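Okay, thanks for having me, everyone. Let me put the structure up and walk you through a few parts of it.

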Amino acid sequence: MKQEQMTGSQILLETLMAEGVDTIFGYPGGSIMPVYDKLYDYKDKLRHILVRHEQGAIHAAQGYARTKGFPGTVIVTSGPGATNVLTGVADAMVDSTPVVVIAGQVSSTLLGTDAFQETDLIGMTNPITKWSYQIRKTEDIAWAVSRAYFIASTGRPGPVVLDFTKDAQVGKAEFKYEKCNFIRSYISKPVVDESKIDEAVKMLDASVRPFVVYGQGILQSGAEKELAALLEKGDIPAGSTLLGLSALASDNPHFKGMLGMHGSIASNVMSQQADLILAVGMRFDDRVTGKLDTYCKDAKVIHIDIDPSELGKNVPVDLGIVADAKDALSRIVAKMARKDRKAWLNSDKHCNEVELQKVIIPETKGTADTINPGEVVATVAEVCGQDAIILTDVGQNQMLGARYSRFKRSRSFISSGGLGTMGFGIPATIGAKVAAPDRKVCLFVGDGGFQMTIQELGTIMQEQLGVKLVLLNNNWLGNVRQWQELFFKERYSATRMINPDFEKIAQAYGIERVLVEKREDLRPAVERMFADDKPFILDVHITEANMVFPMVPPGKPVSDIMLNAKEWYK
Amino acid sequence: MEKEKHYIITAYTENQVGLLSTVAGLFTRRSINIDALRVFPSGIPGVHKFVVKTTTSEVKVRSIILNLEKKVDVIKAFCYVDNEDFNKELKDVSDYIKEREALCK
């Protein structure tokens with residue numbers, strides 16, 4: 001018997017469901033209308049979150065993916081709909097976030113004619129996607145969509161863009177779905193070279209001062225337990241990249257803090273003192289290494305990453321292992337010797353004491369008239385019991401959110417790392433709350449980033465999402481202001497912001513907003529914020545000229561650390 | 001500055017629309033000039049072959065090879081110095097594809 005014919009739009013939605021998709025972030029438009037029309041029949045099965053701008057859709061999908069470990073799904077129209085997602089696609093590429101973007105496209109017969117809302121999306125997304133493909137035939141849809149989810153979620157995850165012509169959406173074909181789990185030209189999970197594991201174990205066992213630097217690869221491969229076991233067995237200290245945060249609990253005795261420019265003194269100093277660096281699931285970004293030719297000069301380097309092109313890219317490696325982090329770490333833990341390195345593990349007392357007295361106490365226990373942003377982050381960490389998903393925008397809010405938040409659970413910190421996309425915060429928070437409705441979800445955002453995607457307050461209103469938006473408001477683009485003060489002779493070019501009345505904005509969207517200007521009001525306001533599961537804006541007027549420290553100035557070795565504008569770590 | 005040399009880079013790929021610009025883009029992004037480029041059926045059914053002649057440094061060539069192989073539709077990439085015979089890998093690639101396909105079953 002001949003199988004029933006379906007339209008391309010229906011085949012798309014059936015394939016999405018077969019792949020396990022339950023939520024779509026999107027925005028309709030001319031070239032994607034057949035899909036939206038069919039979605040009307042699927043509204044009980046596929047939740048569609050209508051954003052206010054396509055950039056919001058992609059960042060929300062990123063927040064969803066990073067929370068859930070499952071690709072976020074975006075549907076937008078052609079032309080401007082598609083170009084509006086590009087920032088988020090580039091962000092997802094550099095931060096290895098699995099997302100699948102399905103964009104409408106003009107009919108295949110009109111391609112290349114400058115038809116209304118036609119753009120060369122494949123040409124534009126080529127360098128910023130893991131895979132991009134134009135679906136021109138209805139028969140190709142199920143194949144291409146299943147392949148998209150396989151590619152986005154396996155190996156080193158990343159964004160996939162499907163450019164979906166209108167004639168393929170309305171054409172008819174049989175629904176022939178086969179889950180993609182193999183592509184001959186693509187290795188989704190490398191086979192680990194056991195001899196390299198043996199070599200790594202040998203180097204590790206011989207090391208007196210090993211130091212582990214880890215990144216998001218730990219979260220993505222689910223290697224949190226293996227990492228903790230390795231550190232425990234070898235008495236090894238470890239530092240995290242920005243995106244690796246929450247892979248280890250904040251109170252883990254082996255965790256020495258965040259690495260790099262605004263990382264902890266201990267993690268930066270110890271990485272320079274180490275005789276062996278074991279890097280796992282991270283890519284030695286310049287924000288982590290500082291001046292490259294001074295980074296870990298005296299150490300041997302073992303680098304484990306699933307992406308072969310990362311090994312030796314920035315830091316020369318003595319041993320490179322292409323592997324899934326969980327796979328490699330579990331093999332190393334099984335073979336390595338139990339060692340007592342307590343003296344090395346606890347050699348950071350001076351670093352921590354200096355950081356506490358010179359940086360942490362002044363930042364989080366302010367005594368001046370105005371509130372420091374670090375006080376706000378620390379208060380949130382106390383009140384929410386270290387159990388919230390913390391998101392940040394980009395800038396000072398991000399560095400302070402990363403430094404003073406505390407984590408008990410994995411996948412609890414989401415931020416735009418590699419691309420540093422201001423405006424990421426609000427929509428990513430929407431995605432995280434949709435993915436984890438039972439968890440507290442809290443954003444730290446500056447007044448600059450807040451206004452870059454402020455329109456997504458409309459999405460929060462429509463979906464009544466219980467997100468907690470903490471606006472660290474100083475009427476400045478704070479991070480750029482900090483660099484201008486330190487490195488550009490206090491010439492504050494275009495960083496002063498005249499802001500709107502956020503109370504009126506919150507009111508317009510029907511979102512409760514509390515203004516905090518005095519220290520004694522801060523904690524009660526944070527407690528009020530977490531008392532229910534409704535949308536909330538906490539607008540804290542913070543110290544205007546506050547700067548984030550410690551700081552490794554750009555182009556310096558990571559052991560050259562500023563404690564404040566005048567003092568350096570000794 | 002690292003010494004520049006003449007290199008020949010070959011890549012075996014699936015036959016996909018748009019792959020030429022993907023491959024060319026890897027060179028553009030690293031500001032490497034392509035001296036000569038040829039794309040043709042490799043002799044293995046369904047597999048295309050790119051041959052790119054270029055003048056650049058060893059570090060950049062290494063980066064190009066790794067990033068070529070990172071592309072989903074690229075099967076294998078190789079690098080030769082100047083006038084080496086760049087056809088000798090055909091059998092290796094053919095064997096590699098058979099190995100990969102055996103994994104699928």
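This is a predicted model: local features need pLDDT of at least 70, side-chain atom pairs count only at pLDDT 80 or more; totals for chains, interfaces and linings use all residues.

Let me start with a question: in strand E12 of chain A, which residues point one way and which the other way? Leu276(A), Leu278(A) and Val280(A) go one way, while Ile277(A) and Ala279(A) go the other, and all are buried.

Staying with E12(A), which covers residues 276–280, five of its five residues are buried, so the strand is largely enclosed by the rest of the structure. What does it pair with? Strand E9 of chain A, residues 210–214, runs parallel to E12(A), and five bridges join them. Val212(A), for instance, has Leu278(A) as its bridge partner. Strand E13 of chain A, residues 300–305, is also parallel to E12(A), again through five bridges. There, Ala279(A) is partnered by His303(A).

Now, over to another sheet. This one is open, with six strands in the order E3-E2-E4-E5-E7-E6 in chain A, and the pairing is parallel. E3 (47–50) and E6 (131–135) of chain A stand at the edges with a single partner strand each, so one side of each has no neighbour in the sheet. From one strand to the next, the twist averages 20°.

If you look at the E6 end, E6(A) pairs with E7(A), residues 159–165, over five parallel bridges. Trp131(A) has Val160(A) in E7(A) as its bridge partner. Then there are the helices. H7 of chain A, residues 141–153, packs on the sheet and touches E4, E5, E6 and E7 of chain A, with its direction at about 170° to that of E6(A). H5 of chain A, residues 86–94, lies across E5 and E7 of chain A, at about 145° to E7(A).

Let's zoom out a bit. On the domain 2 side, Leu242(A), Ser246(A) and His262(A) supply 39% of the area buried against domain 3, more than any other three residues. How many salt bridges are there between domain 2 and domain 3 of chain A? The count is zero.

One residue I'd like you to find is Arg403(A), in helix H18 of chain A, residues 396–404. With 10% relative accessibility, Arg403(A) counts as buried. Beyond its sequence neighbours, Arg403(A) contacts several residues, including Met258(A), His262(A), Glu355(A) and Phe549(A).

Last stop, chain B. Chain A puts 21 residues into that contact, and chain B 24 residues. The buried area between them is about 1,800 Å², of which carbon and sulfur atoms give 46%. Phe182(A), Arg184(A) and Ser185(A) supply 40% of what chain A buries against chain B, more than any other three residues. Four salt bridges are found across this interface. As a salt bridge to look for, take Arg147(A) with Asp73(B), at 2.8 Å from N to O.

Methods: Residues are numbered from 1 along each chain as its sequence is written. Chains are lettered from A and ligands numbered from 1 in the order in which they are written. Side-chain values use heavy atoms; hydrogens and water are left out. Two strands pair if DSSP finds at least two bridges between them. Helices (H or I, at least four residues) and strands (E, at least two) are DSSP runs, numbered from the N terminus. Axes are lines fitted to C-alpha atoms, for helices over the stretch in contact, and angles run from 0 to 180 degrees between N-to-C directions. Contact means heavy atoms within 4.5 Å. Buried area is the accessible area (1.4 Å probe) that two parts lose on being put together, summed over both. A salt bridge is a side-chain nitrogen of Lys or Arg within 4 Å of a carboxyl oxygen of Asp or Glu. Buried means under 20% relative accessible area, exposed over 50%, partly exposed in between (1.4 Å probe, protein chains only). Lists of a residue's contacts leave out its neighbours within four places in sequence.
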